[in-house]
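Visitor: I would like to learn how to read this fold feature by feature. Could you take me through it?

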Amino acid sequence: MVATMYIDTSHITRGGKTYTRHLLRESYRAHGKVLHRTIANVSHCSTAEIEALRLALRHKEDLEHLGTIQDAITLKQGVSFGAVWTVYHVARRLGIAQALGTTRAGKLALWQVIARVIDQGSRLSAVRLAMAHAACDVLGLGPFDEDALYENLDWLAGAQAAIEDRLYAQRTQTQPINLFLYDVTSSYLEGTHNELAAFGYNRDGKKGKRQIVIGLLCDEDGHPVSIDVFPGNTQDPHTFATQINKVKARFGVHAITFVGDRGMIKGQQVEDLAQHGFHYITAITKPQIEKLLQQGTLQMDLFDQELAEVLADEGIRYVLRRNPVRAQEVRDTRHAKLATLQAHVAKQNQYLTDHPRANTQVAWHKLVARAKHLRIADWVELTVAERAITLTIKEDARTAAAKLDGCYVLKTDLGPAQAPKETVHDRYKDLASVEYAFRTCKTGHLEVRPIFLRLAERTRAHAFVVMLAYQIIQYLASCWSPLDVTVEEGLHALTTLCLVEVSPTHAPSYHCIPTPRDAIAQLLHRADIQLPKAFSLSGTRVSTKKKLQSERICSVNSAT
């Protein structure tokens with residue numbers, strides 16, 4: 001009987017945790033069959049000891065030569081491999097690589113997406129990133145520089161619609177999309193020469209900064225479908241007509257529901273949707289709620305229900321709810337504002353006492369202005385008597401101001417048979433997924449800004465790259481959710497998995513992939529990524545036209 005001894009390693013995931021076990025096993029043939037038996041459980045051994053056992057078993061016939069192996073070969077760390085390999089295969093799995101195509105332009109666009117996922121920056125930094133990673137060999141791409149990537153943005157802008165259509169068709173093969181989520185945001189610019197830059201309503205709170213407006217269209221699962229960039233002074237509702245035409249003309253959808261917030265879907269947008277046979281779900285403003293209460297269409301006791309609905313004229317439905325958590329937050333904020341104003345009143349009264357010649361009217365005007373700034377002037381009264389300012393709370397007015405705390409009303413033209421009130425409420429809440437996408441793209445992992453571009457079409461292509469990168473981030477987040485690691489941390493760990501250049505003394509050198517450590521192995525396992533056993537480099541190298549040395553010389557000369 002001939003037996004072969006080996007180390008058997010397996011990874012088991014239970015309860016969100018991954019366990020690794022190592023067994024010393026033996027394979028032998030008996031009665032014409034190959035059988036296995038376990039000799040010992042060596043899971044308690046360290047990684048180095050396990051590898052030592054494997055090495056000894058591989059060279060069990062010539063153990064005396066093991067001590068001289070390190071003298072016969074030279075090992076050298078190569079370029080980073082793990083992150084590029086993982087993100088590339090996720091892009092293929094999601095259909096992004098296929099939608100971009102196999103041309104050089106498509107591969108350059110794919111590298112821009114992968115570079116945005118791994119390390120955010122300009123086109124110049126994307127080239128420098130490729131210098132440190134096996135980008136060209138994984139993607140099958142020839143040499144390029146930053147100018148090639150800028151020119152590639154022109155191609156990507158022209159091909160964006162076709163690429164979005166391919167991704168949409170691929171996604172709807174298994175499940176049709178019946179509902180779209182749409183929202184807009186703005187992103188400020190540091191420069192002044194971008195063709196789309198304009199002053200407008202700045203959500204970032206950056207006064208004096210020009211901006212662009214970005215509209216993101218997602219399906220009901222929060223998966224991005226399309227992105228548009230508008231001039232910075234474009235009002236939110238004016239971006240909506242573009243989405244209606246896109247869904248009907250390009251995606252070929254004829255029965256769909258749009259979900260947008262109260263500032264997005266208004267009267268004109270409702271009419272546009274009705275003309276195309278589309279439906280909508282939106283929210284109404286507080287003044288509109290108060291008007292419906294005055295008209296008798298809504299009653300305050302409806303907000304006491306968990307979720308109420310009212311059928312109004314012309315097929316309109318209102319879905320009502322009071323959020324107790326939000327209501328408590330508003331009450332706490334109101335109390336905090338009142339305490340702030342009371343502290344200012346006490347401070348001004350003390351000042352008037354300490355300074356007999358101080359003007360009481362000046363102090364009174366300051367407090368009135370403060371009350372207006374805190375937006376509580378409607379239910380507080382400030383009076384002056386004998387050089388003392390008194391703050392009085394108007395209880396009826398405060399009660400009236402608090403009656404709609406935590407209340408919100410949704411509006412839709414979907415009938416009860418088409419969508420129950422619970423479905424209407426849940427779909428509107430799905431807008432949070434679009435807001436999360438904006439946070440990730442703007443200030444989170446992907447950082448759409450700073451935007452190192454001037455041309456309008458290149459700016460739109462840059463936003464499209466960020467959207468495709470977000471699809472990959474979204475997928476990796478779902479894969480790694482059981483692990484105690486963020487996507488950014490996981491990608492950083494994968495960048496440490498590098499190729500190893502093996503140079504034997506009397507043979508050609510080659511590259512191999514080392515066995516990843518446990519943390520990286522878990523990341524690969526959860527994402528279902530298989531590393532190749534061997535990988536050859538073509539020798540393709542990229543380089544930047546702009547060199548850091550010249551930049552440093554210019555900065556030194558200007559400083560002196």
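**Reading the fold**

Guide: Helices (H or I, at least four residues) and strands (E, at least two) are DSSP runs, numbered from the N terminus. This is a predicted model, where local features need pLDDT of at least 70 and side-chain atom pairs count only at pLDDT 80 or more, while totals for chains, interfaces and linings use all residues. Residues are numbered from 1 along each chain as its sequence is written, and side-chain values use heavy atoms, with hydrogens and water left out.

Visitor: Is Gln243 buried or exposed?

Guide: Buried means under 20% relative accessible area, exposed over 50%, and partly exposed in between (1.4 Å probe, protein chains only). Gln243 has a relative accessible area of 0%, so it is buried.

Visitor: Which residues is Gln243 in contact with, leaving aside neighbours within four places in sequence?

Guide: Contact means heavy atoms within 4.5 Å. On that basis, Gln243 is in contact with Tyr182, Leu217, Asp228, Phe230 and Phe258, its neighbours within four places in sequence left aside.

Visitor: Which strands does helix 9 lie across?

Guide: Axes are lines fitted to C-alpha atoms, for helices over the stretch in contact; angles run from 0 to 180 degrees between N-to-C directions. Helix 9 lies across strand 5 (179-188), strand 6 (211-219), strand 7 and strand 8. Helix 9 runs at about 140 degrees to strand 7.

Visitor: In what order do the 8 strands of the open sheet come?

Guide: Two strands pair if DSSP finds at least two bridges between them. Here the order is 7-6-5-8-9-14-11-10, with mixed pairing. Strand 7 (224-231) and strand 10 (308-311) are the edge strands, each pairing on one side only. Neighbouring strands of this sheet are turned by 20 degrees against each other on average, direction ignored.

Visitor: How do strand 8 and strand 9 pair?

Guide: Strand 8 (residues 257-259) pairs with strand 9 (residues 279-283) in the parallel sense, over 3 bridges. Val259 stands opposite Ile281 in strand 9. Strand 9 also pairs with strand 14, in the antiparallel sense over 3 bridges. There, Thr282 stands opposite Lys411 in strand 14.

Visitor: How many bridges join strand 11 to strand 14?

Guide: Strand 11 and strand 14 (residues 407-412) run antiparallel and are joined by 6 bridges. Arg322 stands opposite Cys407, and Val319 has Leu410 as its bridge partner. In strand 11 (residues 317-322), 5 of the 6 residues are buried, so the strand is largely enclosed by the rest of the structure. Strand 14 also has 5 of its 6 residues buried, so it is largely enclosed by the rest of the structure.

Visitor: What do strand 10 and strand 11 form?

Guide: A hairpin, with 5 residues between the strands. Glu314 in the turn has a positive phi of about 60 degrees. The pairing is antiparallel, over 4 bridges, and Glu309 has Val319 of strand 11 as its bridge partner.

Visitor: At what angle do helix 5 and helix 6 pack?

Guide: Angles under 35 degrees count as roughly parallel, over 145 as roughly antiparallel, 65 to 115 as roughly perpendicular and the rest as oblique. Helix 5 (residues 104-118) and helix 6 (residues 123-132) pack at about 85 degrees, with axes 10 Å apart. That makes helix 5 roughly perpendicular to helix 6. Among the residues making the contact are Trp111 of helix 5 and Leu129 of helix 6.

Visitor: Which residues have the most contacts inside the largest nonpolar core?

Guide: A nonpolar core is a set of buried Ala, Val, Leu, Ile, Met, Phe, Trp, Tyr and Cys residues joined through side-chain atoms within 4.5 Å. The largest has 102 residues, and those with the most contacts inside it are Trp111, Phe144, Ile472 and Trp480. Helix 17 (residues 456-479) gives the largest share, 14 residues. A second, separate core of 36 residues includes Phe251, Met264, Leu298 and Ala308.
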